[in-house]
Amino acid sequence: MKEVLGYIDDNNDKFLGELVEFLKFPSVSTRERNKKDVLDCANWLKDNIISSGFETVEVIETSGHPIVYAEWLGAGADAPTVLIYGHYDVQPEDPINLWKSPPFEPTVRDGKLYGRGTADDKGQVFAHVKGAESHFKKNGKLPVNVKLLIEGEEESGSTALMEFLPKNADKLKCDTILISDTSWFADEIPSIVYSLRGIAVIEMTLTGPNRDLHSGQYGGAVPNPANELCKLIAKLHDEDGKVTIKDFYTNVVELGAEETKALESLPFNEKDYTEELGLNGLTGEKGYSTVLRASSRPTLDINGMFSGYTDEGHKSIIPSSATAKISMRLVPDQTWQEITDKAISHIKSLVPDFMHVEIHGHHGGNPVIAAIDSPGVKAASIALETAFGFKSVNMREGGSIPIVEMFQAELKAPAVLMGLGLDGDNIHSPNEKFNLSHYFGGIKASALFLEEFAKVSK
Ligand code: BES
Ligand code: MN
Ligand code: MN
């Protein structure tokens, strides 16, 4: 193992150079105009994985963006198999004017690599490719069998992978699913995430008059869809910050006292958290702490909203329509289909008769609970501690990775979420970054995980 870790130390520059190449592709999965960039990125990744030492590597076409798949089963049928999952697609870069260096021209400043996808998830998933490479180059083999599945549409709901997975459960058969696509609880506190929130996404448009109208000529007499959308959305929470959708909480499993205590004893400083975000105060569901609100309770948020005139200056109109994009974060045992249906029928019941409504569900994913005592979790905590020199904690994450619940159900193997990011990495935001120490440490953690997993599985 010493030689493998030495190879990593000796090759930092090469690993950084390759990650920079990977990051230059604007592989934004949600935008049609980047379809070719997503495909080019998949092909580049395939070539890189081949040069890293995997022999069986394919770019698999799907109904959406391609899946990059590789395997090395040279450890033999009796040895354990690790399925490593991640995504090479990224979120849109906008608002572009807030980036200090261009999002697809990765730049190092102050020990951090800036660019879209650095932390979410190209940097994290690539650490695993380079971890495996380090074993291949030093030992000519891996300590366990490895399957690599890197998809191209996690950021838009993993729809194609959700079709692919049940049909390919045999191909993906494994003993554990290793994922690095989450963050640490704080600096110097590596974290193994044992729960992810689910997500349900809907979009609605209210339409009033059949065209924009002069707001003086007609104002006061005709329904304004923007006003009505605001009124409607205001009704979706009550004064205690609870979501008012009928039966929204029916399937929510409350945390036990012990788990609540464990989560609330993680070193969280509410003042620092508030200040770091430039806020004067926090808000949320009454009766729950910030840590629980952001990880263990279901939510409803507007993600985007538009209506009327939003360009420079002012235009006096009553807009013809108003749209809101809404997501709900879900916790066990809510399901995304159930919540999508409940939200749609509840919202329809709130629309006044004089408005037209068009409302539909998008993608979604179910909440996840992963074992905290699986062999993979043991291997991950040793790997993180050895690579970074800090003990890891177990925590719940508020974000979602839509395919994970389905992985566990279809493959009947536990997921291990060995994240490498930090909350301050600005994922989905301008100036996304990944600390180089986390990247190089992550490569070591990946290499160590494979070694440890072979031991703990014996
Ligand atoms: N890597 C994130 C999930 C995540 C977010 C982990 C925050 C840790 C902290 C993932 O790429 C993501 O953004 N998922 C989306 C899924 C959605 C678009 C279906 C999310 O959570 O919004
Ligand atoms: Mn991600
Ligand atoms: Mn993301």
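Asp247 is partly exposed, with a relative accessible area of 39%. Partly exposed here means between the cut-offs for buried (under 20% relative accessible area) and exposed (over 50%), with a 1.4 Å probe and protein chains only. Asp247 sits in the loop between helix H6 (225–234) and helix H7 (257–264). Helices (H or I, at least four residues) and strands (E, at least two) are DSSP runs, numbered from the N terminus. The phi of Asp247 is near 65°, a positive value in a residue other than glycine. Most residues other than glycine have a negative phi, and most peptide bonds are trans.

This is a predicted model, in which local features need pLDDT of at least 70, side-chain atom pairs count only at pLDDT 80 or more, and totals for chains, interfaces and linings use all residues. Residues are numbered from 1 along each chain as its sequence is written, chains are lettered from A and ligands numbered from 1 in the order in which they are written, and side-chain values use heavy atoms, with hydrogens and water left out.

His428 also has a positive phi, near 65°. His428 lies in the loop between S17 and S18 and is partly exposed, with a relative accessible area of 41%. The manganese ion (ligand 3) is coordinated by Asp120 (OD), Glu155 (OE), Glu155 (OE) and His428 (NE2), at 2.0 to 2.6 Å. Donors are N, O and S atoms within 2.8 Å of the metal (3.2 Å for Na, K and Ca); water is not among the atoms, so sites may look incomplete. Along the chain, the donors of this ion follow the spacing D-x34-E-x272-H. Glu155 lies in the loop between strand S6 (145–151) and helix H5 (159–167), and His428 in the loop between strand S17 (415–418) and strand S18 (433–435), so the pair ties together parts that are 273 residues apart in sequence. Glu155 counts as buried, at 13% relative accessibility. Asp120 bridges the manganese ion (ligand 3) and the manganese ion (ligand 2), which lie 3.6 Å apart.

Two peptide bonds deserve a look. The bond from Asp94 to Pro95 is cis, with omega near -5°. Pro95 is in the loop between strand S3 (81–87) and strand S4 (107–109). Pro332 and Asp333 are also joined by a cis peptide bond, with omega about -5°. Asp333 falls in the loop between strand S13 (321–330) and helix H10 (336–350).

Next comes a sheet. Four strands form an open sheet in the order S11-S13-S9-S14, with antiparallel pairing. Two strands pair if DSSP finds at least two bridges between them. Strand S11 (299–307) and strand S14 (356–365) stand at the edges, each with a single partner strand, so one side of each is left without a neighbour in the sheet. Strand S9 (residues 198–207) and S14 pair in the antiparallel sense over eight bridges. Thr205 has Glu358 as its bridge partner in S14.

Just after H12, Lys412 takes a positive phi of about 50°.
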